[in-house]
Amino acid sequence: MNHLNTQTLTLSLLLVMSGSSSVLWAADPTQAIQDEWKFNLKNAYLYRDYDNPNAKNFGSWSQGASLFYTSNLHDTPLVIADKPIRIGADASVQYAVRLSADRHVSDMVLPFDSKTQSQAADYSKYGATLKLGYDKTLLSIGELWLDLPVTTSDASRQLITSYWGTNLKSQISEQLYAELGRVEKVSPRNEEDFHRFSFTARGKTAYSDGLNYLDLRYQLTPALKAEYYFGNLEDLYNKHYLGLEHTWKQPTFSLNSKLKYFNAKNDGNNFEIDAQNIGLLEMLKVNNQSFGLGYQQIVGESAYPLPDGFLPELYFINWNATGFFKQNEKSYHLMYGYDFKDYVPGLNAMVKYVYGHDFKTANGEKNHETESNVLINYAFQQPYLKGFAIQYLRVDYKVKHGNDFGEDRLFVNYTKQF
């Protein structure tokens with residue numbers, strides 16, 4: 001399935017806030033496709049409370065309903081080298097309605113009209129994808145569900161981010177997987193329609209006609225894998241990404257190590273972008289406990305760029321509510337997670353703390369910031385409640401020069417596959 005499946009939807013908040021991408025290093029992309037419908041209900045509550053009385057608090061309560069269809073690939077009469085060309089189609093419909101009063105401030109959940117200073121009462125998304133398969137290669141045209149640098153299918157609010165374009169996936173060998181594509185438009189989590197990518201810096205906004213990308217993944221050994229990505233966001237910037245991931249499994253524990261390097265530079269004369277992101281994350285799992293220690297550093301002459309205002313970059317070692325990608329920022333990440341499966345099956349939790357420093361305010365003052373997270377996820381195990389899940393996130397943010405805040409997010413999900 002190209003887009004996030006329903007099990008991923010019920011766990012999406014934990015995945016988004018725990019950072020590194022959950023991209024599968026899958027085999028033949030044409031064989032993993034099954035004919036299925038998936039229905040999702042999401043009740044979402046978000047509220048951010050600033051300590052500064054002059055800053056506007058924001059949030060909303062909304063109910064979403066989404067239906068995703070994925071078709072199998074069917075043989076056509078066209079045959080090349082004794083192998084048929086196969087065809088299929090996917091479709092999606094997403095809808096959400098606001099249940100709370102309009103706070104007249106954007107909350108990045110529902111669409112917001114800056115001219116009227118009003119929040120939409122409801123919104124919807126829909127799309128379709130044509131798929132053509134041959135041997136171990138799959139071509140998709142239309143709506144795309146991507147989990148790559150720059151383009152990620154973010155499910156951390158209400159409706160899910162999707163993209164419009166063309167991509168080609170191929171399992172070239174047992175070790176090498178390749179994907180290339182052109183993404184022309186994005187439909188962010190808090191908007192209805194697809195539109196061109198944009199980037200804003202120092203009061204200037206410029207637009208791109210498309211993102212051209214190549215993603216290569218290679219299984220070096222059973223325990224070590226590598227990934228290289230290049231993306232050209234036309235007229236905005238180019239991005240290189242190189243990642244290494246090693247897993248050391250022992251009878252009593254496992255250690256997962258991730259080393260990530262990003263390099264972004266301007267494409268054209270619209271902006272001066274020169275930023276690198278170097279990150280290391282160690283995750284130790286012992287029985288039901290997980291311990292994480294990470295470090296991230298931004299190097300260069302600018303902050304690390306995110307297109308379209310604030311498209312999440314889930315490939316960072318640890319994506320947070322506040323990002324920690326300011327110019328020259330160094331950040332330290334501590335995480336602890338526990339799976340209560342031996343006591344309360346379906347319940348797991350994670351606490352996180354991030355400290356960032358060595359960056360400056362717009363007027364040159366030295367600054368530092370911290371963010372603390374508490375994440376709780378429970379998937380109901382009772383047969384009559386199968387498909388229901390609850391997620392809660394608490395965010396506490398402190399900054400020396402800026403606005404401190406506390407934020408609560410509560411999601412109630414129901415998913416049904418048929």
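Predicted model: local features only at pLDDT ≥ 70, side-chain atom pairs only at ≥ 80, totals over all residues.
Take W248 and F253. Their ring centres lie 5.2 Å apart and their planes meet at 85°, so this pair is edge-to-face; the cut-off for that label is over 60 degrees. W248 has 43% relative accessibility, so it counts as partly exposed. F253, at 26%, is partly exposed too.

F388 and Y414 make a tilted pair. Here the centres are 4.7 Å apart, with 45° between the planes. F388 belongs to strand β22 (residues 388-399) and Y414 to strand β23 (residues 405-417), so the pair ties together parts that are 26 residues apart in sequence. F388 has a relative accessibility of 31% and therefore counts as partly exposed.

Some rings group into a cluster. One aromatic cluster consists of Y241, F262, Y304, F310, Y315, F316, W319 and F325.

Charges also sit over rings. The charged end of R48 is placed over the ring of F405, 3.9 Å from the ring's centre. K326 lies over the face of F359, and the distance to that ring centre is 5.3 Å.

Now turn to the second largest pocket. It holds about 750 Å³ of space. Its lining comprises 27 residues, and F199, A201, R202, S302 and A303 lie nearest the centre. Two strands, β11 (197-201) and β20 (347-360), are the elements that give two or more residues to this lining. What classes of residue make up the lining of the second largest pocket? There are 12 nonpolar residues, eight charged and seven polar.

Conventions:
Residues numbered from 1 in each chain as written. Heavy atoms only, no water. 1 Å grid on protein atoms, 1.4 Å probe; cavity = no way out; pocket = protein on both sides within 12 Å on 5 of 7 lines; lining within 4 Å. Points joined across faces, edges and corners; volume = space filled by probe spheres on them. Helix = DSSP H or I, 4+ residues; strand = E, 2+ residues; numbered from the N terminus. Nonpolar A, V, L, I, M, F, W, Y, C, P; charged D, E, K, R; others polar. Phe/Tyr/Trp six-rings, centres within 6.5 Å; stacked < 30°, edge-to-face > 60°. Buried < 20%, exposed > 50% of the residue type's maximum accessible area, 1.4 Å probe, protein only. Lys NZ or Arg CZ within 6 Å of the ring centre and 35° of its normal.
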